[in-house]
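Me: I would like to go through some of the labels used for this structure. Please set each one against its cut-off.

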Amino acid sequence: MVKICCIGAGYVGGPTMAVIALKCPSIEVAVVDISVSRIAAWNSDQLPIYEPGLDGVVKQCRGKNLFFSTDVEKHVCEADIVFVSVNTPTKTRGLGAGKAADLTYWESAARMIADVSKSDKIVVEKSTVPVKTAEAIEKILTHNGKGIKFQILSNPEFLAEGTAIQDLFEPDRVLIGGRETPEGQKAIQALKNVYAHWVPEGRILTTNLWSAELSKLAANAFLAQRISSVNAMSALCEATGANIQQVSYAVGKDSRIGPKFLNASVGFGGSCFQKDILNLVYICECNGLPEVAEYWKQVIKINDYQKSRFVNRVVASMFNTVANKKIAILGFAFKKDTGDTRETPAIDVCKGLLGDKARLSIYDPQVTEDQIQRDLTMNKFDWDHPIHLQPMSPSTVKQVSVTWDAYESTKDAHGICILTEWDEFRTLDYQRIYDNMQKPAFVFDGRNIVAADKLREIGFIVYSIGKPLDP
Ligand code: NAD
């Protein structure tokens with residue numbers, strides 16, 4: 001029986017391995033992590049992450065051929081294939097701070113693999129890493145002094161949070177990069193054999209190591225670039241009277257462009273887009289390509305601009321001040337169907353409004369009060385000026401309350417900011433909400449999900465991203 005071990009039981013490691021276990025009953029899969037609480041949650045009824053369909057997959061396999069454990073060394077030692085899916089955040093200090101990927105977790109995982117292994121293994125990069133990381137990892141692994149052979153593969157993950165299970169069941173492609181040696185090709189084949197249990201052959205792409213590593217950064221950069229492009233257009237729409245949804249539809253009908261990822265919004269978030277573009281910028285700079293670096297930087301600059309534009313619009317609309325006004329924040333996660341708040345645009349929007357002394361009442365169906373308080377007190381790293389900005393003072397945090405109900409959140413509010421496209425926000429009883437709000441009552445739709453005309457009929461003053469302002 002083939003044994004797989006995955007180091008890192010996070011948003012990628014957990015769902016990915018659960019699906020491999022489900023689709024490959026003949027393979028034993030162990031997911032290991034140094035976080036005791038995370039592993040305890042994976043072994044409980046309250047999984048550590050919210051992802052539609054994940055519960056069912058885990059329940060079907062857990063205890064059969066899927067195991068979650070903190071005994072990292074034992075499972076690594078026993079495995080034939082070791083996936084490494086640890087976090088690779090942006091470095092916050094030292095060389096490359098604010099841009100380069102922090103490979104501390106990766107390096108310590110590689111050193112541990114080298115230390116505990118007693119047999120040859122395939123080591124798979126599942127984390128998103130800078131191009132050429134495999135070369136560094138090879139150095140660590142091959143200097144193990146025990147004669148054990150390791151083959152490194154790059155197998156980046158393309159799942160999106162919120163649709164992870166669907167994405168894993170029917171991936172657009174599975175990408176495997178390896179060395180062009182006979183041993184490298186053999187390793188690629190071994191990993192192909194795993195995915196071949198459910199992924200059609202035509203969707204399994206094989207490349208050299210560097211192409212696979214770079215493709216992941218490139219894919220995220222392209223996706224984020226589309227969002228920044230449409231968001232940049234949304235600003236122009238507001239200035240000219242065009243409607244971004246009509247423009248997106250017309251542009252997306254061009255088969256060379258296509259309709260996906262053309263929704264204007266308050267900005268992109270999530271743990272990956274910004275981090276991976278910063279990483280790309282750093283790699284370009286290190287390779288003497290400052291013009292290319294500058295090009296990709298603009299994607300992030302437009303994203304930051306979109307968030308501050310939104311805050312400015314809220315403040316300007318509410319008679320140039322939100323001081324002591326209650327603002328309901330509907331949605332805090334970076335997108336719907338996840339509880340993940342890493343780099344969510346809601347953080348910057350809330351901080352902007354708090355900076356003007358607003359009182360915030362936040363509701364998100366999957367985000368806890370602890371998460372929100374932590375996110376709003378955390379330092380933000382400014383990558384152009386690598387200094388830490390001041391954390392928020394405890395008194396500012398007192399201006400924030402968190403509710404478990406949209407109606408409670410909006411009661412007595414002067415305005416509502418919709419920051420996540422949760423389906424339930426489309427169908428709220430907006431008449432009831434309006435009746436319980438201060439007047440004039442404002443709605444700022446950062447996701448273009450509510451029917452502005454209907455809300456205006458009720459009496460709301462409505463701002464929708466990239467659309468003509470309230471008549
Ligand atoms: P995560 O923070 O949710 O999970 C990483 C886990 O690794 C944590 O639980 C941490 O405790 C564990 N870990 C760190 N060092 C360890 C060690 N030495 N031994 C054992 N466990 C260790 O991160 P994530 O969102 O799952 O992302 C993982 C990687 O996948 C990142 O490189 C990310 O860029 C990439 N990725 C993420 C997504 C996404 O949507 N989240 C999608 C594609 C790729």
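Me: Why is lysine 3 called partly exposed?

Reply: This is a predicted model, where local features need pLDDT of at least 70, side-chain atom pairs count only at pLDDT 80 or more, and totals for chains, interfaces and linings use all residues. Residues are numbered from 1 along each chain as its sequence is written, and side-chain values use heavy atoms, with hydrogens and water left out. Buried means under 20% relative accessible area, exposed over 50%, and partly exposed in between (1.4 Å probe, protein chains only). Lysine 3 has a relative accessible area of 25%, so the label is partly exposed.

Me: What makes lysine 3 and glutamate 78 a salt bridge?

Reply: The term requires a side-chain nitrogen of Lys or Arg within 4 Å of a carboxyl oxygen of Asp or Glu. For lysine 3 and glutamate 78 the closest N and O atoms are 3.8 Å apart, and the pair forms a salt bridge.

Me: How do you know that glutamate 161 is buried or exposed?

Reply: Glutamate 161 has 10% relative accessibility, so it counts as buried. Its salt-bridge partner is arginine 342, with the closest N and O atoms 3.4 Å apart. Arginine 342, at 35% relative accessibility, counts as partly exposed.
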